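Hi there,

Here is the structure I promised to hand over.

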Amino acid sequence: MGMTFKGGVHPYDGKELSKDKPVSELLPQGLLVYPLSQHIGAPANPVVAVGDTVLRGQMIAEAGGFVSSPIFSSVSGTVKAIEARRVATGGTCKSIVIENDGEYTETEFKEVEDVTTLDNEEIISRIKNAGVVGMGGAGFPTHVKLSPKNPENIEYIIANCAECEPYLTSDYTRMITEPEKLVEGMRIVLNLFPKAKGVFGVEDNKPEAIAKLRDLTKDETRMEVAELTTKYPQGGERQLIYAVTKRSINSKMLPADAGCIVDNVETLVAIYNAVKFGKPLMDRIFTVTGNAVANPQNFKIKIGTNYKELLDAAGGFKTNGCEKIISGGPMMGFAMFDLEVPTTKTTSALLCFTKDEVAAFETTNCINCGRCVEACPEQLIPSRLADYGEHGQSDMFEKWYGLECIECGSCSFACPAKRHLAQSIKTMKKQVLASKRK
Amino acid sequence: MSELFNVASSPHIRSKDTSSRIMLYVIIGLLPASCFGIYNFGIRALIMIIVSIASAVIAEYIFNKIVGKKQTINDLSAVVTGLLLALNVSSTIPYWEVALGSVFAIVIVKGLFGGLGQNFMNPALGGRCFLLISFTGSMTSFIDPQSVDGVSAATPLAVIKSGEGLSGVNVMDMLIGRIGGTIGETSVIAILIGAIFLIIMGVIDLRIPATYLITFAIFAGLFGGYGFNWTYITAELCGGGIMLGAFFMATDYVTSPITPMGKIVFGICLGILTGIFRIFGASAEGVSYAIIFSNLLVPLIERVTVPLAFGVVKEKKGGDK
């Protein structure tokens, strides 16, 4: 039995569709689009103008504050426009549009011979100046995360290698093809926190990844691999911290309050590239999968590449038709109405489902069965929270700890009455938080 | 935009569980007790079950038609209600009585409150208590399945209650079910087979039944007048409707608390109330009343048993921050 948390669900994982396919590099043909908000915090400010020529790796927008992150061009070419563009989460965002010249001429990156010669400040500034943010989805600027109030209290650096979302295999692909980069990234972060231990938390449905990481870290005194039970949402930050350390944090706390810092696989690789090679965040691994896709597989992509191009590279849709396209995983990803959106630092997958896989169920009366309660990793009572949400009872919603919801969707997944529990709770949570800000 | 895709809030996948599948499991779980009841009490028991289920389903169908609601008979909950009611009546009552009980359960107890999920009281037990009060005579006369000519006989619990002591109690007969009682309540073994099936299928858990039975056993031991006498306690646990009630009716999702701690409080309430009704009441039975009474306490129980969310520490009163 691996380490785990209480609650959670076991959806069909669908990973075999794309898991062992060779990973290929995709060179984009069309325009690349860089939204100025690819992270939590202030949007970046453009430092290029329409008509400028840019090189691959050149900063095109600078951080808009401390909690913000600069953005870099992943191709060489010409700035075509700076305008509002649709993004994967549904809305629009001011974006820089670049026409690729196909040359991939790079700017100069300042590599360091030995990263141990860098002091903490230099390491943090290299990470900050490379635009590294949490690439698991949240997009929290990594330099902020690595600058906790009391660095001496950090005891665990946890690499989130759970990849608990069904269908996604981008982190898995990285762990199989380039685990050494992940380990080097961890080594750099550990240099910042001399008292900390590095733990790679991997779900036990990825034995090959566990074996590779174990082999690479067998002589490391400060790193270990933790085998986690395969269960969604094992990679949720609070759930992962609990599984590894048995420490619990709530919505008002940061992982650092429990002596932990959690970084996802791609983020650690980006940290390595930034600190060692001075390379900004421009590429990532991206999964194109789902039963509606002809050839599901993983790609090394240039951030900013259009979703449509990625789908075409994977052979397009099968003839059985596609009903739903999702940016991210099936549990927390965003359904999109259109493929004309760019990939960003935080997008990890394009998932295309056939009608059968996402059949719309009719919602029936709640029978109070409590399956949502069993499924909730936050030990909430989702059916009641959804009722309070639907009836606008914000006081009861807060009293029953609605704000602790991590929006993982386990309750909706488990509900036999097919209620839209997570949706109602998310909506209410947004309202309550908005009214608190006033 | 050439093509538009379906857009909805996450999650985009759902488990295969549905309400009607859960109801189907409950029906399967009740089959052993039903079959034993038919074996025990003969053809009248079979007809009773059919009449009860049919009238429940028809009542739901007509009710939905009249009030203009979407048809819900496919969710199988009316079948469960009809079956449970039949298992809770004597095989000797007139068929129209069970039909009336079914209609009462479906229309008054469930339908008028908004249908499945909205009723605050277990429909089958609401129907049974309605019959028990209205037709006390026929509802409380049971035949002895071991007699050839089907003479009326007192149930073991009634024998104990009447003060005749424990000499006439045969625990083995009570486990197998070769005693007088309602159609579905007599065989502890048949009920447990169904209950184990439901536990394995994840339909019910042990919180409510276990706390109920343990609390009741302790209560009976303390106040029953026989002390913790093994024969007495076992007879009380195996007799009457407590096994059927604990595993199949107290665990009714709709009318039991959803909070994990609430389920335990609910079980304790049931045990104490059943003890009071059986030991201090006029009848040897008390399970049905204990359950419907506790059903009324559910909103209150839930209010005081809201679990702490993950990672949230109980704030000390007047403490710092």
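The contact between the two chains draws 50 residues from chain A and 33 residues from chain B. On the chain A side, strand 15 (324-327), strand 16 (334-336), helix 9 (371-375), helix 12 (410-414) and helix 13 (421-437) each supply at least two of the residues that touch chain B. By type, that side of chain A splits into 28 nonpolar, 13 polar and nine charged residues. Please keep in mind that this is a predicted model.

One residue to look at here is A:Gly370, which sits in the loop between strand 17 (349-353) and helix 9 of chain A. Beyond its neighbours within four places in sequence, A:Gly370 is in contact with B:Tyr253 and B:Ile258. Is A:Gly370 buried or exposed? It counts as buried, because it has 22 C-beta neighbours inside 10 Å, and the cut-off for that is 20 or more.

Next, helix 5 (residues 207-216) of chain A. Its buried residues are A:Ala209, A:Ile210, A:Lys212 and A:Leu213. These cover an arc of only 165° around the axis, so they lie on the same side of helix 5 of chain A. In general, an α-helix has 3.6 residues a turn, so residues three or four places apart point the same way. The buried residues of helix 5 pack against strand 9 (156-161), helix 3 (170-177), helix 4 (179-192), strand 10 (197-203) and strand 11 (223-228) of chain A. On the face turned away from that buried side, helix 5 of chain A carries the exposed residues A:Pro207 and A:Asp215.

Enjoy exploring!

Key:
Residues are numbered from 1 along each chain as its sequence is written. Chains are lettered from A and ligands numbered from 1 in the order in which they are written. This is a predicted model: local features need pLDDT of at least 70, side-chain atom pairs count only at pLDDT 80 or more; totals for chains, interfaces and linings use all residues. Two residues are in contact if their C-beta atoms, placed from the backbone, lie within 7 Å. Helices (H or I, at least four residues) and strands (E, at least two) are DSSP runs, numbered from the N terminus. Ala, Val, Leu, Ile, Met, Phe, Trp, Tyr, Cys and Pro count as nonpolar, Asp, Glu, Lys and Arg as charged, and the others, Gly among them, as polar. A residue is buried if 20 or more other C-beta atoms lie within 10 Å of its own, exposed if 12 or fewer, and partly exposed in between; C-beta atoms are placed from the backbone. The arc is that of the directions from the helix axis to the C-beta atoms.
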